[in-house]
Amino acid sequence: GVQTCALPIYIAMPEGTPIIAARGGVVVKIENGQTGRGTNPSGNFVRVLHDDGTQGVYLHLKQGSVSVQVGQRVAVGSPLALSGNTGNSSGPHLHFVVQRNTGMGLVSIPYQFNQPVSSLPNFALGKQ
């Protein structure tokens, strides 16, 4: 069934798990050089601007694993990076959030996955 997630979702997975784009869009920001806890609580991340103006953010990625560039258009299922444990992270996991720019800044918004959250590790591995 469809599940709506109003807050960021944390998906435990082994470090080095391939992360794919949940939705198509354009890469607007990346960080690829953080090690360990580093200086950025998000660690390494990829931010994708979707055509409807929302942004998907993939956080705590493995150092050096980000395989996309700013300005690059990605499709659903495009490889983005490998999961990691960088930034303010309590263990290896993917932190995924959807945000909308309200003019006052970015706010997290509810979104839906078209499969149960329990199957998301498969989704993250790129198994459709």
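This is a predicted model: local features need pLDDT of at least 70, side-chain atom pairs count only at pLDDT 80 or more; totals for chains, interfaces and linings use all residues.
Two salt bridges are present in the structure. In one of them, the side chain of D52 meets that of R23, with a distance of 3.1 Å from N to O. This pair links distant parts of the chain, since D52 belongs to the loop between β5 and β6 (54-61), whereas R23 belongs to the loop between β3 (18-20) and β4, and the two residues stand 29 residues apart. D52 has a relative accessible area of 41% and is therefore partly exposed, and R23, with a relative accessible area of 37%, is likewise partly exposed.

A salt bridge is also formed between the side chains of D51 and R73, where the distance from N to O is 3.2 Å. Because D51 is placed in the loop between β5 and β6 while R73 is part of strand β7 (residues 73-74), the pair ties together parts of the chain that are 22 residues apart in sequence. D51 has a relative accessible area of 66% and is therefore exposed, and R73, at 52% relative accessibility, also counts as exposed.

Q34 is located in the loop between β4 (25-31) and β5 (44-49). The relative accessibility of Q34 is 9%, so this residue counts as buried, given that the term applies to values under 20%.

Terms used. Residues are numbered from 1 along each chain as its sequence is written. Side-chain values use heavy atoms; hydrogens and water are left out. Helices (H or I, at least four residues) and strands (E, at least two) are DSSP runs, numbered from the N terminus. Buried means under 20% relative accessible area, exposed over 50%, partly exposed in between (1.4 Å probe, protein chains only). A salt bridge is a side-chain nitrogen of Lys or Arg within 4 Å of a carboxyl oxygen of Asp or Glu.
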